[in-house]
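Open the model in your viewer and keep the selection tool at hand. The tour goes from one whole chain to single residues, then to the pair of chains.

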There are 2 protein chains.
Amino acid sequence: MKIPPVKGTRDFYPPQMACRNWIIDGWKKVSQRNGFEEYDGPIFEHLQMYQIKSGQEIVEQLFSLQDRGGRDLAIRPEITPTLARMVNQQVNALPRPIKWFAVPRLCRAERPQKGRLREFFQWNIDIIGEDRADADAEIIFATLDYLRMVGLTATDIRAKISSRRLLAAVLTSIGIPAERLEPIYAVLDKKPKLPAETFEALLAEQVPDKGQAGKILDFMALDSVTAVAGIIESNEALGKAIDELCGVLGVLNAMGVGEYCGFDPGIVRGLAYYTGVVFEVHDIAGELRAICGGGRYDNLLRDFGGPAIAATGMGMGDCVLEILLGQRGLLDAQVPKRRLEYFVAVADPQFAEAMYEVTAQIRSKGHSANFSYKRGGLSKQLKEAVGQNTGRCVILGQEYRDARQVVVKDMAAGTQETVAVDQFLARLG
Amino acid sequence: MKIPPVKGTRDFYPPQMACRNWIIDGWKKVSQRNGFEEYDGPIFEHLQMYQIKSGQEIVEQLFSLQDRGGRDLAIRPEITPTLARMVNQQVNALPRPIKWFAVPRLCRAERPQKGRLREFFQWNIDIIGEDRADADAEIIFATLDYLRMVGLTATDIRAKISSRRLLAAVLTSIGIPAERLEPIYAVLDKKPKLPAETFEALLAEQVPDKGQAGKILDFMALDSVTAVAGIIESNEALGKAIDELCGVLGVLNAMGVGEYCGFDPGIVRGLAYYTGVVFEVHDIAGELRAICGGGRYDNLLRDFGGPAIAATGMGMGDCVLEILLGQRGLLDAQVPKRRLEYFVAVADPQFAEAMYEVTAQIRSKGHSANFSYKRGGLSKQLKEAVGQNTGRCVILGQEYRDARQVVVKDMAAGTQETVAVDQFLARLG
């Protein structure tokens, strides 16, 4: 009986697995050097966890199930609710700031398309317990530290940074009442994906006053934070929001990634829980969805039954990233190919026992080694070694019987040496 | 709103995550040095995948769900069906033998108890396309290579090895018809878990003939393969099964792990798909469930719609292993603790910009570094560094302003040196 894989999922054969591991190992390495500690939660949580703050799109895309007691569960579509739950559970025992990362497998019942699958991996970094702009800058720096490490330059990608707080101050300044902000955010979030006319029509539905709508369009066209003061009359909230955003950009400059970063008022973020600085990284060519996104979400832990603690974070999926790295030739150049260090071959079946012994010893000393199960001639064994991309073949033949020596053949150079087996093994450490 | 985690799952806070990573990294390392390549599949498959061969116990414990098209899915309770599906899909393109490993997250709706959770990780190694005893021995060697590497000795654990083929030959030799074998396997599998009387009563239900039942009990009491010939009259099938098992034990001896291994006719394995050599590793104290188990399953790929290809493999969960390693003190001694390489501190806020710059540079050179968000005095910053188990503090003060020098303080030794910042950074590579 032949059963296909589930639509929207991936099978990771060894070459695809090598690529996935290379991406995830890079995420882990950069997280650690940026001072983040790894955590993880279960693959499923109680369904309610995702009905609190995840937003309508995610709720509609849940893979839900029941446990044996009939409780409603869901496979995690994001890990932030789990993070909030875990931090709340130990909130008094955890020294702050909490700098945590995770590389969870997530599932969303989306329509599969380019860069979007029903199962994917996502790098998450979060700083909890710090409301200063330093923390927002750290999140953006760590993100760029990774993207830079894998070879993307400021001509490939751009971190577009804005602030929900700034947006709220601007909208409030021009006379929009507080309860109207959320639906306007939803419209502004769509701007980059829509033709100008369609966007302006949508905006007019939410903001019928042409003067107000015009101010919003003026703001959305700005390319520097300081220019905001030129179009909106200053007030305390606006001043604070501008200072905060300038602070973030200033730290990023000092950290040496200024050339990747810029203010972009078009960045609003879809998720409902953002409260301050928000950002996305995009390919400059503009061909792909956002590579990653994040921002400040100071109310989330409170919404999950904990104390009010400041928090800021970022999520980066593996699908868009892999497409971009592939386009730039950065996968072929960097993902390691299959490689076997040693292949132990016998010139005659009488050396089988020594072959087992030498193979086991090489492995126990931390090096990879195989031998042939086929009992074929030496040339067939060497061919099998080549098929496994072997570095060196260790050949047991007459020299082994006569003097406990092996022939070590360098497969790339074609050179070989005869050496006492004990000496060969001792060299391996 | 406070929502608890789902029963039978684990939250991995950084210390628990470090332990999980240490276990899984060890599995990966040993797999690679034994010549296995990593693969993985999706977290869920079509429900039918687990109704073919997984056995009743697993089918009853499935977490099942539906996709948006109403198709029945299940979270994977094991990865072998996925392996069979993936190999079958590319069966003509994959060079043999296929030596693959995986470290999947699996879910089973079991009653949570010691060593059994509803979500766990499992190391899987499989060799496909090889019917010789070499492959069975390789699986058992790799298993022991890992257990030995993490510090377990032949006084802690024992690999108990038997063979479904041998058992079938013995039962057939004493007159049990082929169609009676499967229900008898199910009874024999329970022997180690039952009092002798209960087991004998169960056996009598399946084998009412006292002469036959007595022969089976005699066989189950043997402790060497060669002794089988002493109680069962020889025939071709029995001779082949004995030779095969002796072959496996012989290779394991040659590979240097003979002291861990022994014949044990009580090993039958619960899963329905085993066809040849079977084994389990147990703690010698006998306090825990099996640490791992595996064996030959030559019909599985065919059952999943592929060609008949020989296969043998092993699965090891993380739960029992972690309990045993904890009992032996092998976790505390080996799981790495949180460690930060550098903490960049400022003697005065005027050095903040340099602090950002130096931190970023240390990180970009591959070393972990943090700074304080708190803007406190130097002693508070150093205290924060101690809290993060920092190796060295890099202090920016008057020397930096005067001569672009930093003070590098070794936190364990208490020593410090003053060095030009460029020289300090250059040393980092």
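Start with chain A: of its 429 residues, 45% count as buried. A residue is buried if 20 or more other C-beta atoms, placed from the backbone, lie within 10 Å of its own, exposed if 12 or fewer, and partly exposed in between. This is a predicted model, in which local features need pLDDT of at least 70 and side-chain atom pairs count only at pLDDT 80 or more, while totals for chains, interfaces and linings use all residues. Residues are numbered from 1 along each chain as its sequence is written, and chains are lettered from A and ligands numbered from 1 in the order in which they are written.

**Chain A as a whole**

Colour chain A by secondary structure. There are 16 helices and 17 strands. Helices (H or I, at least four residues) and strands (E, at least two) are DSSP runs, numbered from the N terminus. The radius of gyration of chain A is 28 Å, well over the 22 Å that the globule rule gives for 429 residues, so the chain is more spread out than a compact globule. That radius is taken over C-alpha atoms, and the rule is 2.2 Å times the number of residues to the power 0.38. Along its principal axes, the C-alpha trace of chain A spans about 95 × 55 × 45 Å.

Next, select 14-327 and then 340-427. These are domain 1 and domain 2 of chain A, with bounds from an automatic or database domain assignment. Their centres, taken over C-alpha atoms, are 53 Å apart.

**A buried helix**

Select residues 318-327 of chain A, helix α12. Is this helix enclosed or open? Of its 10 residues, 7 are buried, so α12(A) is largely enclosed by the rest of the structure. Among the buried ones are Cys319(A), Val320(A) and Leu321(A). Asp318(A) and Glu322(A) are buried too. Now show what covers them: the cover includes α1 (14-33), β7 (119-128), β10 (277-283) and β12 (311-317) of chain A. After α12(A) comes Gly329(A), with a positive phi near 70 degrees.

Most residues other than glycine have a negative phi, and most peptide bonds are trans. Here are some exceptions.

- Zoom in on Arg96(A) and Pro97(A): a cis peptide bond joins them, with omega about 0 degrees. Pro97(A) sits in the loop between α3 (80-89) and β5 (98-102) of chain A.
- Switch to chain B: the bond from Arg96(B) to Pro97(B) is also cis, with omega near 0 degrees.
- Select Arg375(A): its phi is positive, near 55 degrees. Arg375(A) is exposed, with 12 other C-beta atoms within 10 Å.
- Select Asn389(B): phi is positive here as well, about 50 degrees. Asn389(B) is partly exposed, with 13 other C-beta atoms within 10 Å.

**The two chains together**

Finish at the interface. The contact takes 72 residues from chain B and 73 residues from chain A. Two residues are in contact if their C-beta atoms, placed from the backbone, lie within 7 Å. On the side of chain B, helix α14 (residues 352-364) gives the largest share, 6 residues. The copies meet through the same surface, because 100% of the interface residues of chain B are also interface residues in chain A.
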